[in-house]
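Biologist: Could you take me through this structure feature by feature, giving the general idea and then the case at hand?

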Amino acid sequence: YYAAAEKWHPRTGMALLDKIITRAASEKEYGHLIKAQIFRSSMMAQLSPDSFDIEVARMERAEATATEPVLKAVYATVLGKLYRENCQYANKGDYEAKYRACFARALQDKDRLAHTQARVYEPLVVRGGYASVFDDDLLHVIGFEAGAYAELCDYYAAHANRHAACIMAGWAVTNNYNKVGPSANRAKQLQQIDSLIAVYQDIEEAGDLAIRRFELMKGDSRFTEADRMTYIDNALAKWGAWKGMNKLRNERAELIAPTFTISLAQETMRPATARMVRINALRNIKQLTLNVYRLKNTYYKASKGYTVAEEPQTLKKYVAGKPVQVIRRRYYGQPAYKTLTDTATIAPLPLGVYLVEAVTDTKGVKPQYAERHVTDMMVLVQNETAQATRLVAVSATTGQPVTFNILGDGQL
(Lines give C-alpha, C1' and ligand atoms only; values in the text may rest on other atoms or scores of the structure.)
Protein backbone atom coordinates (compact mmCIF):
# COMPACT_ATOMS: atom_id res chain seq x y z
CA TYR A 1 0.00 0.00 0.00
CA TYR A 2 2.69 2.51 0.95
CA ALA A 3 4.48 2.00 -2.37
CA ALA A 4 1.22 2.51 -4.27
CA ALA A 5 0.41 5.64 -2.25
CA GLU A 6 3.87 7.10 -2.80
CA LYS A 7 3.60 6.60 -6.55
CA TRP A 8 -0.04 7.78 -6.41
CA HIS A 9 -1.72 4.67 -7.77
CA PRO A 10 -5.11 5.15 -6.06
CA ARG A 11 -6.86 2.15 -7.58
CA THR A 12 -4.07 -0.19 -6.53
CA GLY A 13 -3.85 1.47 -3.12
CA MET A 14 -7.56 1.16 -2.38
CA ALA A 15 -7.65 -2.42 -3.60
CA LEU A 16 -4.88 -3.30 -1.16
CA LEU A 17 -6.60 -1.39 1.65
CA ASP A 18 -9.84 -3.26 0.99
CA LYS A 19 -7.98 -6.55 1.41
CA ILE A 20 -6.44 -5.35 4.67
CA ILE A 21 -9.86 -4.21 5.93
CA THR A 22 -11.48 -7.54 5.11
CA ARG A 23 -8.74 -9.61 6.72
CA ALA A 24 -8.38 -7.36 9.79
CA ALA A 25 -12.14 -7.43 10.41
CA SER A 26 -12.25 -11.23 10.26
CA GLU A 27 -9.24 -11.55 12.60
CA LYS A 28 -10.46 -8.76 14.91
CA GLU A 29 -7.21 -6.86 14.44
CA TYR A 30 -8.93 -3.56 15.10
CA GLY A 31 -5.82 -1.41 15.03
CA HIS A 32 -5.05 -2.52 11.46
CA LEU A 33 -8.72 -2.35 10.52
CA ILE A 34 -9.35 1.26 11.53
CA LYS A 35 -5.99 2.50 10.29
CA ALA A 36 -6.70 1.01 6.86
CA GLN A 37 -10.20 2.55 6.88
CA ILE A 38 -8.73 5.98 7.69
CA PHE A 39 -6.17 5.64 4.88
CA ARG A 40 -8.91 4.66 2.46
CA SER A 41 -11.03 7.65 3.44
CA SER A 42 -8.04 9.96 3.04
CA MET A 43 -7.29 8.58 -0.42
CA MET A 44 -10.92 9.02 -1.44
CA ALA A 45 -10.89 12.61 -0.19
CA GLN A 46 -7.87 13.35 -2.39
CA LEU A 47 -9.57 11.82 -5.40
CA SER A 48 -12.86 13.56 -4.73
CA PRO A 49 -12.92 16.46 -2.23
CA ASP A 50 -16.73 16.20 -2.08
CA SER A 51 -16.53 12.67 -0.67
CA PHE A 52 -16.15 13.81 2.96
CA ASP A 53 -19.79 13.21 3.88
CA ILE A 54 -19.73 9.78 2.23
CA GLU A 55 -16.62 8.71 4.14
CA VAL A 56 -17.99 10.08 7.41
CA ALA A 57 -21.21 8.13 6.86
CA ARG A 58 -19.09 5.01 6.32
CA MET A 59 -17.37 5.58 9.69
CA GLU A 60 -20.71 6.27 11.39
CA ARG A 61 -22.03 2.96 10.14
CA ALA A 62 -18.90 1.23 11.44
CA GLU A 63 -19.46 2.78 14.87
CA ALA A 64 -23.15 1.89 14.87
CA THR A 65 -22.56 -1.76 13.91
CA ALA A 66 -19.60 -2.32 16.26
CA THR A 67 -20.61 -4.70 19.04
CA GLU A 68 -17.66 -4.16 21.37
CA PRO A 69 -17.92 -1.00 23.54
CA VAL A 70 -14.23 -0.13 23.27
CA LEU A 71 -14.30 -0.47 19.49
CA LYS A 72 -17.33 1.84 19.37
CA ALA A 73 -15.39 4.36 21.47
CA VAL A 74 -12.43 4.26 19.10
CA TYR A 75 -14.68 4.81 16.08
CA ALA A 76 -16.34 7.72 17.89
CA THR A 77 -12.88 9.20 18.48
CA VAL A 78 -11.98 8.88 14.80
CA LEU A 79 -15.24 10.57 13.84
CA GLY A 80 -14.61 13.36 16.34
CA LYS A 81 -11.21 14.02 14.79
CA LEU A 82 -12.69 14.08 11.29
CA TYR A 83 -15.35 16.60 12.23
CA ARG A 84 -12.94 18.77 14.22
CA GLU A 85 -10.34 18.86 11.45
CA ASN A 86 -12.94 19.86 8.86
CA CYS A 87 -15.06 22.30 10.84
CA GLN A 88 -12.82 25.16 9.74
CA TYR A 89 -13.74 24.58 6.10
CA ALA A 90 -17.52 24.19 6.14
CA ASN A 91 -20.55 23.80 8.43
CA LYS A 92 -18.51 25.05 11.35
CA GLY A 93 -21.33 25.20 13.89
CA ASP A 94 -22.77 21.83 12.88
CA TYR A 95 -19.39 20.06 12.75
CA GLU A 96 -18.32 21.53 16.08
CA ALA A 97 -21.45 20.17 17.77
CA LYS A 98 -20.87 16.80 16.11
CA TYR A 99 -17.24 16.42 17.14
CA ARG A 100 -18.09 17.32 20.72
CA ALA A 101 -20.85 14.71 20.71
CA CYS A 102 -18.47 12.11 19.22
CA PHE A 103 -15.85 12.68 21.91
CA ALA A 104 -18.51 12.58 24.61
CA ARG A 105 -19.63 9.16 23.32
CA ALA A 106 -16.03 7.99 23.19
CA LEU A 107 -15.48 8.82 26.86
CA GLN A 108 -18.75 7.44 28.21
CA ASP A 109 -17.17 4.37 29.80
CA LYS A 110 -13.89 5.61 31.24
CA ASP A 111 -13.42 2.58 33.48
CA ARG A 112 -13.51 0.20 30.54
CA LEU A 113 -11.05 2.34 28.58
CA ALA A 114 -8.76 2.64 31.59
CA HIS A 115 -8.61 -1.16 31.81
CA THR A 116 -7.88 -1.59 28.09
CA GLN A 117 -4.26 -1.54 26.98
CA ALA A 118 -3.57 0.90 24.16
CA ARG A 119 -1.33 -1.65 22.43
CA VAL A 120 -4.46 -3.65 21.55
CA TYR A 121 -5.11 -0.96 18.93
CA GLU A 122 -1.65 -0.82 17.42
CA PRO A 123 -0.65 0.26 14.79
CA LEU A 124 -3.52 2.77 14.86
CA VAL A 125 -2.25 3.86 18.27
CA VAL A 126 1.43 4.73 18.62
CA ARG A 127 2.96 4.63 22.08
CA GLY A 128 3.81 8.15 23.22
CA GLY A 129 6.12 9.64 25.81
CA TYR A 130 3.45 9.76 28.52
CA ALA A 131 2.28 6.16 28.09
CA SER A 132 3.95 4.71 31.19
CA VAL A 133 2.48 7.44 33.40
CA PHE A 134 -0.98 6.26 32.39
CA ASP A 135 -0.11 2.55 32.66
CA ASP A 136 -0.39 2.35 28.86
CA ASP A 137 -4.18 2.60 29.02
CA LEU A 138 -6.41 3.51 26.10
CA LEU A 139 -8.24 6.12 28.15
CA HIS A 140 -5.44 8.68 28.05
CA VAL A 141 -5.02 8.20 24.28
CA ILE A 142 -8.67 9.02 23.64
CA GLY A 143 -8.59 11.75 26.27
CA PHE A 144 -5.70 13.51 24.54
CA GLU A 145 -7.44 13.27 21.17
CA ALA A 146 -10.62 14.71 22.68
CA GLY A 147 -8.80 17.42 24.60
CA ALA A 148 -10.61 16.29 27.74
CA TYR A 149 -7.72 17.17 30.03
CA ALA A 150 -9.62 18.59 33.00
CA GLU A 151 -12.17 15.76 32.86
CA LEU A 152 -9.47 13.09 32.93
CA CYS A 153 -7.48 14.92 35.58
CA ASP A 154 -10.47 14.52 37.86
CA TYR A 155 -10.87 10.86 36.85
CA TYR A 156 -7.25 9.89 37.53
CA ALA A 157 -7.19 11.86 40.78
CA ALA A 158 -10.31 10.00 41.93
CA HIS A 159 -8.65 6.69 41.05
CA ALA A 160 -5.45 7.38 43.03
CA ASN A 161 -3.18 8.02 40.05
CA ARG A 162 -1.65 11.38 41.00
CA HIS A 163 1.06 10.98 38.36
CA ALA A 164 -1.51 10.87 35.56
CA ALA A 165 -3.62 13.59 37.20
CA CYS A 166 -0.58 15.88 37.30
CA ILE A 167 0.08 15.51 33.57
CA MET A 168 -3.57 16.09 32.67
CA ALA A 169 -3.76 19.13 34.98
CA GLY A 170 -0.85 20.76 33.17
CA TRP A 171 -2.41 20.12 29.80
CA ALA A 172 -5.72 21.52 31.03
CA VAL A 173 -4.12 24.84 31.98
CA THR A 174 -2.17 25.10 28.74
CA ASN A 175 -5.23 24.17 26.68
CA ASN A 176 -7.14 27.09 28.17
CA TYR A 177 -4.46 29.50 26.94
CA ASN A 178 -3.34 28.07 23.62
CA LYS A 179 -2.51 31.57 22.42
CA VAL A 180 -1.07 33.57 25.28
CA GLY A 181 -1.78 37.16 24.38
CA PRO A 182 -2.27 39.85 27.03
CA SER A 183 0.16 39.84 29.92
CA ALA A 184 -2.78 39.41 32.31
CA ASN A 185 -3.53 36.02 30.72
CA ARG A 186 0.11 35.01 31.02
CA ALA A 187 0.20 36.04 34.66
CA LYS A 188 -2.97 34.07 35.39
CA GLN A 189 -1.58 30.99 33.69
CA LEU A 190 1.65 31.29 35.67
CA GLN A 191 -0.36 31.42 38.89
CA GLN A 192 -2.30 28.30 37.94
CA ILE A 193 0.87 26.39 37.04
CA ASP A 194 2.48 27.47 40.33
CA SER A 195 -0.57 26.24 42.23
CA LEU A 196 -0.31 22.86 40.52
CA ILE A 197 3.41 22.63 41.27
CA ALA A 198 2.63 23.21 44.92
CA VAL A 199 0.20 20.27 44.83
CA TYR A 200 2.39 17.84 42.87
CA GLN A 201 5.90 18.91 43.86
CA ASP A 202 6.52 15.59 45.61
CA ILE A 203 6.38 13.55 42.37
CA GLU A 204 8.72 13.72 39.39
CA GLU A 205 5.88 14.50 36.95
CA ALA A 206 5.94 18.00 38.41
CA GLY A 207 8.86 18.41 36.02
CA ASP A 208 6.29 18.55 33.22
CA LEU A 209 4.68 21.50 34.98
CA ALA A 210 8.09 23.13 35.45
CA ILE A 211 8.70 22.92 31.70
CA ARG A 212 5.36 24.61 31.02
CA ARG A 213 6.20 27.36 33.49
CA PHE A 214 9.56 27.98 31.85
CA GLU A 215 7.92 28.29 28.43
CA LEU A 216 5.79 31.08 29.88
CA MET A 217 8.84 32.74 31.43
CA LYS A 218 10.60 32.77 28.05
CA GLY A 219 7.95 35.01 26.55
CA ASP A 220 7.64 37.32 29.55
CA SER A 221 9.89 40.39 29.72
CA ARG A 222 9.46 40.53 33.50
CA PHE A 223 11.86 37.59 33.82
CA THR A 224 15.55 38.27 33.33
CA GLU A 225 18.17 35.84 32.07
CA ALA A 226 19.22 35.35 35.69
CA ASP A 227 15.62 34.50 36.64
CA ARG A 228 15.38 31.89 33.89
CA MET A 229 18.75 30.38 34.75
CA THR A 230 17.91 30.14 38.44
CA TYR A 231 14.54 28.56 37.69
CA ILE A 232 16.07 25.92 35.42
CA ASP A 233 18.71 24.99 37.98
CA ASN A 234 16.12 24.67 40.76
CA ALA A 235 13.77 22.63 38.57
CA LEU A 236 16.55 20.25 37.53
CA ALA A 237 17.60 19.82 41.14
CA LYS A 238 14.06 18.86 42.16
CA TRP A 239 12.69 16.94 39.18
CA GLY A 240 15.73 16.14 37.06
CA ALA A 241 14.68 12.49 36.81
CA TRP A 242 11.55 13.36 34.83
CA LYS A 243 11.95 12.06 31.27
CA GLY A 244 11.12 15.40 29.69
CA MET A 245 13.69 17.45 31.59
CA ASN A 246 16.18 17.36 28.73
CA LYS A 247 14.04 20.18 27.40
CA LEU A 248 15.23 22.39 30.26
CA ARG A 249 18.78 21.10 29.95
CA ASN A 250 18.75 22.19 26.32
CA GLU A 251 17.29 25.56 27.29
CA ARG A 252 20.06 25.99 29.85
CA ALA A 253 22.70 25.14 27.25
CA GLU A 254 21.16 27.74 24.93
CA LEU A 255 21.14 30.38 27.67
CA ILE A 256 24.91 30.05 28.10
CA ALA A 257 25.86 29.29 24.49
CA PRO A 258 28.77 31.57 23.47
CA THR A 259 27.73 34.06 20.82
CA PHE A 260 28.36 37.57 19.51
CA THR A 261 27.75 39.81 16.50
CA ILE A 262 29.64 42.83 15.21
CA SER A 263 28.30 45.81 13.27
CA LEU A 264 30.29 48.56 11.57
CA ALA A 265 27.28 50.45 10.22
CA GLN A 266 28.62 51.98 6.97
CA GLU A 267 30.76 50.09 4.47
CA THR A 268 33.05 53.06 3.78
CA MET A 269 35.37 55.06 6.02
CA ARG A 270 37.08 58.39 5.48
CA PRO A 271 40.90 58.36 5.74
CA ALA A 272 41.09 60.68 8.75
CA THR A 273 38.07 59.30 10.59
CA ALA A 274 37.87 56.62 13.27
CA ARG A 275 35.08 54.09 13.03
CA MET A 276 33.09 52.62 15.89
CA VAL A 277 32.44 48.88 15.95
CA ARG A 278 29.33 47.78 17.81
CA ILE A 279 29.57 44.44 19.60
CA ASN A 280 26.11 43.02 20.22
CA ALA A 281 24.56 39.96 21.84
CA LEU A 282 27.88 38.93 23.36
CA ARG A 283 27.55 36.05 25.80
CA ASN A 284 29.90 33.66 27.59
CA ILE A 285 33.01 34.93 25.83
CA LYS A 286 36.08 35.87 27.83
CA GLN A 287 38.03 37.68 25.11
CA LEU A 288 37.16 39.14 21.71
CA THR A 289 39.87 40.24 19.28
CA LEU A 290 39.35 42.46 16.25
CA ASN A 291 42.04 42.08 13.60
CA VAL A 292 42.09 44.70 10.85
CA TYR A 293 43.89 43.48 7.71
CA ARG A 294 44.73 45.46 4.61
CA LEU A 295 43.88 43.60 1.40
CA LYS A 296 46.36 43.36 -1.45
CA ASN A 297 45.81 45.29 -4.68
CA THR A 298 45.20 41.99 -6.52
CA TYR A 299 41.90 41.77 -4.62
CA TYR A 300 40.31 44.41 -6.85
CA LYS A 301 40.55 42.30 -10.02
CA ALA A 302 39.96 38.89 -8.43
CA SER A 303 37.06 39.62 -6.07
CA LYS A 304 34.45 39.98 -8.86
CA GLY A 305 31.96 41.50 -6.48
CA TYR A 306 32.12 38.82 -3.79
CA THR A 307 30.85 39.94 -0.42
CA VAL A 308 32.26 38.96 2.93
CA ALA A 309 29.13 37.01 3.84
CA GLU A 310 29.52 34.88 0.72
CA GLU A 311 33.28 34.39 0.49
CA PRO A 312 35.19 35.16 3.72
CA GLN A 313 37.91 32.65 2.84
CA THR A 314 38.38 34.28 -0.56
CA LEU A 315 39.09 37.59 1.11
CA LYS A 316 41.54 35.99 3.52
CA LYS A 317 43.67 35.01 0.52
CA TYR A 318 44.28 38.68 -0.23
CA VAL A 319 45.39 39.69 3.25
CA ALA A 320 48.62 41.69 3.04
CA GLY A 321 50.64 40.38 5.96
CA LYS A 322 49.95 40.96 9.63
CA PRO A 323 47.03 43.00 10.98
CA VAL A 324 47.47 46.76 10.79
CA GLN A 325 45.40 47.08 13.94
CA VAL A 326 44.57 44.67 16.76
CA ILE A 327 41.84 45.55 19.26
CA ARG A 328 41.12 43.33 22.25
CA ARG A 329 38.15 43.34 24.59
CA ARG A 330 38.07 41.22 27.75
CA TYR A 331 34.94 40.15 29.63
CA TYR A 332 36.16 38.16 32.62
CA GLY A 333 33.96 37.79 35.69
CA GLN A 334 30.63 37.96 33.85
CA PRO A 335 27.91 35.32 34.41
CA ALA A 336 27.84 32.81 31.56
CA TYR A 337 24.19 33.61 30.76
CA LYS A 338 24.53 37.41 30.73
CA THR A 339 24.17 39.11 27.35
CA LEU A 340 26.42 42.15 26.92
CA THR A 341 26.85 44.99 24.44
CA ASP A 342 30.09 46.85 23.88
CA THR A 343 31.91 49.08 21.42
CA ALA A 344 35.42 49.27 20.02
CA THR A 345 37.07 51.92 17.86
CA ILE A 346 39.07 51.36 14.69
CA ALA A 347 41.64 54.14 14.41
CA PRO A 348 41.91 56.14 11.15
CA LEU A 349 43.32 54.06 8.28
CA PRO A 350 45.08 54.94 5.00
CA LEU A 351 43.23 54.61 1.70
CA GLY A 352 42.52 51.01 0.74
CA VAL A 353 40.28 47.99 1.29
CA TYR A 354 40.32 46.25 4.67
CA LEU A 355 39.03 43.08 6.20
CA VAL A 356 37.87 43.26 9.82
CA GLU A 357 38.03 39.85 11.51
CA ALA A 358 36.44 39.23 14.91
CA VAL A 359 37.72 36.11 16.71
CA THR A 360 37.23 34.78 20.22
CA ASP A 361 39.16 32.55 22.57
CA THR A 362 36.13 30.26 22.85
CA LYS A 363 36.20 26.94 21.00
CA GLY A 364 33.42 26.44 18.48
CA VAL A 365 32.61 30.13 17.93
CA LYS A 366 33.17 30.98 14.29
CA PRO A 367 35.00 34.19 13.35
CA GLN A 368 32.97 37.02 11.88
CA TYR A 369 34.10 39.29 9.07
CA ALA A 370 33.32 42.70 7.67
CA GLU A 371 34.80 44.30 4.57
CA ARG A 372 35.41 48.06 4.72
CA HIS A 373 36.62 50.55 2.13
CA VAL A 374 38.65 53.55 3.21
CA THR A 375 38.21 56.18 0.52
CA ASP A 376 38.07 59.92 0.09
CA MET A 377 35.83 59.64 -2.95
CA MET A 378 32.07 59.96 -3.09
CA VAL A 379 29.76 59.88 -6.08
CA LEU A 380 27.08 62.48 -6.71
CA VAL A 381 24.14 61.42 -8.87
CA GLN A 382 22.32 63.96 -11.06
CA ASN A 383 19.28 63.01 -13.13
CA GLU A 384 19.55 65.28 -16.16
CA THR A 385 16.72 63.76 -18.22
CA ALA A 386 14.41 60.77 -18.00
CA GLN A 387 16.97 58.75 -19.97
CA ALA A 388 20.24 60.31 -18.77
CA THR A 389 21.93 60.26 -15.37
CA ARG A 390 25.16 62.08 -14.62
CA LEU A 391 27.66 60.64 -12.13
CA VAL A 392 30.17 63.03 -10.61
CA ALA A 393 33.07 61.75 -8.49
CA VAL A 394 34.24 64.26 -5.93
CA SER A 395 36.62 64.34 -2.97
CA ALA A 396 34.68 63.99 0.27
CA THR A 397 37.23 66.29 1.91
CA THR A 398 37.56 69.13 -0.61
CA GLY A 399 34.45 68.68 -2.71
CA GLN A 400 36.54 68.94 -5.88
CA PRO A 401 35.90 66.57 -8.83
CA VAL A 402 38.21 63.59 -9.34
CA THR A 403 38.71 61.36 -12.36
CA PHE A 404 38.05 57.61 -12.41
CA ASN A 405 37.92 54.78 -14.92
CA ILE A 406 34.97 52.48 -15.63
CA LEU A 407 36.11 48.91 -16.34
CA GLY A 408 34.60 46.75 -19.05
CA ASP A 409 32.38 44.89 -16.58
CA GLY A 410 30.89 48.09 -15.20
CA GLN A 411 33.12 48.27 -12.11
CA LEU A 412 34.91 51.45 -11.04
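Predicted model: local features only at pLDDT ≥ 70, side-chain atom pairs only at ≥ 80, totals over all residues.

Biologist: In what order do the five strands of the open sheet lie, and which are the edge strands?

Modeller: In general, the strands of a sheet pair through backbone hydrogen bonds, either parallel or antiparallel. Here the open sheet of five strands runs in the order 2-8-7-4-5, with mixed pairing. Its edge strands are strand 2 (268–269) and strand 5 (325–330), each of which pairs on one side only.

Biologist: How many bridges join strand 4 and strand 7, and in which sense do they pair, parallel or antiparallel?

Modeller: Strand 4, residues 287–294, and strand 7, residues 352–360, are antiparallel to one another and pair over seven bridges; in this pairing, leucine 290 stands opposite alanine 358 of strand 7.

Biologist: What does helix 3 span from its first C-alpha to its last, and which of its residues are buried?

Modeller: Helix 3 covers residues 30–47, 18 residues in total, and its end-to-end C-alpha distance of 26 Å is close to the 26 Å expected at 1.5 Å a residue. The buried residues of helix 3 include Tyr30, Leu33, Ile34, Met43 and also Arg40.

Biologist: Are cysteine 102 and cysteine 153 buried or exposed?

Modeller: Cysteine 102 is buried, at a relative accessible area of 3%, and cysteine 153, at 12% relative accessibility, also counts as buried, because the cut-off for that class is under 20%.

Conventions. Residues numbered from 1 in each chain as written. Heavy atoms only, no water. Pairing = 2+ DSSP bridges. Helix = DSSP H or I, 4+ residues; strand = E, 2+ residues; numbered from the N terminus. Expected span 1.5 Å × (residues − 1). Buried < 20%, exposed > 50% of the residue type's maximum accessible area, 1.4 Å probe, protein only.
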